[in-house]
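Student: Can we go through how the protein and the DNA meet here? Show me the structure before I start asking.

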Protein chains: 2
Amino acid sequence: MSAQKVDRPTFHEGGHEHQGCIEAALARAEVVCRERGARLTPLRRRVLELVWRSHRAVKAYDLLAALGDEEGAAKPPTVYRTLEFLMDMGLVHRIDSLNAFIGCPQPDRRHSAQFLICGGCGEVSEMSAASIDRAVADQATGSGFALSRQIIELHGKCPQCAALPQSS
Amino acid sequence: MSAQKVDRPTFHEGGHEHQGCIEAALARAEVVCRERGARLTPLRRRVLELVWRSHRAVKAYDLLAALGDEEGAAKPPTVYRTLEFLMDMGLVHRIDSLNAFIGCPQPDRRHSAQFLICGGCGEVSEMSAASIDRAVADQATGSGFALSRQIIELHGKCPQCAALPQSS
DNA sequence: TGAGAGATGATATAGTGTAACGTGGATGTC
DNA sequence: GACATCCACGTTACACTATATCATCTCTCA
C-alpha cells in the first residue's frame, strides 16, 4: 500500500493516489508515537503531513510559510523543534546536502538509510541497502573507526528524468 | 610523505610534522592548476593553506576571520568564490553535514571519496573505497538511477578518541 | 489544587550563502 | 601604444538557515 517502497527505490510512482501516502504516514506516526510514549500533537501531525505533501525534500522555511498561511504565522523555532521531534521519532530524515527534510516511509523499522536524489524532478527515494551498509561498516571498522551515523546521499537522475532529452 | 593517506584512513598521524602536509598540498595544487591552465593566485594559495592548517574541516567564516586578521577584512563572496575554485580543481571537498571544507590529499587522481569524521577530535579522513563505490553504483544503477555525485559522510569516533574513557 | 514536565509562543540574534555590480590588472590584437 | 576582453577580486546588500533564551500554556499526577 505504501507508495514508497524501500527495497526497490521508486520515483513518480505511476499515477499513485498520493493522499494514500500521507494517510499511511500519519497512521504510522500515530503508532510509533504511541509505542514510544510520545505525543503526536496537532502541530506535529500537521508538520508531518506537510512534509509528506510530496516525495520531494521540504525546506524548513517552506514549512514555516505553509504553517503561517493557516495558523497565525509560526516562527522558526517552532518548526525546527517540531522537525527535531519528528526526526527523533524516526518519522522524518534530514537531507544534509539539501538542507531539507523528507518523510521516512518506515519509521517503525530500525534501519540505516541511503537517499537517491533526482536533480530533475527533485524526488527523493529512500533505500536501505544491506550491501552498502556492509561495505561501509567493513571499511570503517577496518580502520578502527567506531561508526555512529552514516550519511549517504546520492545525487543524479531518476529513470524518468534521465530519459528526457535536454538533461545535458 | 603525505600525512593523509587514502588507502588506509588515518587520524592523529603520530606526531607528524604537519608543516609537511601543508607544503605538500600546496605543491600538488601548483601542479594541478598548471596542468589545467588555472591560476593559483596568492589568495587561492593562502586559502588552501588555511584549509590545510589542520586535519579538521574548516568553516567558511573561520577562513574569513583568518583572512580578515591579515589582509584587510575579506568579505564572504571572496571566500566562497575561492572555495568554489578550489573545489572545481579538486583541491578541497565540502563536508555537507558540517557546512565545512577539507583539503583533498590527492587532487591529482580522479576518485570518489568517503569521509570518516571523528566527533571527538574533529579530524576528517578521506578514503576512496572501491567496495563502497561498487555497492553504491550497483544499487543505484539497479534502480535505473543515473548517479552523478555521491555524498558519503561517516560520523563516529576515530580509534584514539574511541579509546578514551568519557566517550559516553 | 498545586507542582512539575512538556509543548508551544515570541524575541532576538547567530551562522551560512549568494546576487549584482564595480574595479583593476593581465593578455592579446590591431 | 590604444583598445577590447577576460578573469580575479572588492563591495554592498540581502536571502536563507538555524538556535539561544525566556515566557506562557496545558496536561498529568500526586
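Student: Which residues come nearest to DNA strand D?

Tutor: Lys59(A), Tyr61(A), Arg94(A), Thr41(B) and Arg81(B) come nearest, out of 15 residues around DNA strand D. Here a residue is near a strand if one of its heavy atoms lies within 4 Å of it. Sugar and phosphate make up 47% of the atoms of DNA strand D that come within 4 Å of the protein.

Student: What should I know about the model?

Tutor: This is a predicted model, where local features need pLDDT of at least 70, side-chain atom pairs count only at pLDDT 80 or more, and totals for chains, interfaces and linings use all residues. Residues are numbered from 1 along each chain as its sequence is written, chains are lettered from A and ligands numbered from 1 in the order in which they are written, and side-chain values use heavy atoms, with hydrogens and water left out.

Student: How far is Arg81(B) from a base nitrogen of DNA strand D?

Tutor: A polar side-chain atom of Arg81(B) is 2.6 Å from that base nitrogen. For Thr41(B), an N or O atom of the side chain is 2.4 Å from a phosphate oxygen of DNA strand D.

Student: Now DNA strand C. Which residues come nearest there?

Tutor: Thr41(A), Arg81(A), Lys59(B), Tyr61(B) and Arg94(B), of 16 residues around DNA strand C. The side chain of Arg81(A) has an N or O atom 2.8 Å from a base nitrogen of DNA strand C. In Lys59(B), a polar side-chain atom lies 2.6 Å from a phosphate oxygen of DNA strand C.

Conventions: A polar contact is a pair of N or O atoms within 3.5 Å; within protein, one must be able to donate a hydrogen and the other to accept it, and residues adjacent in sequence count only if both atoms are side-chain atoms.
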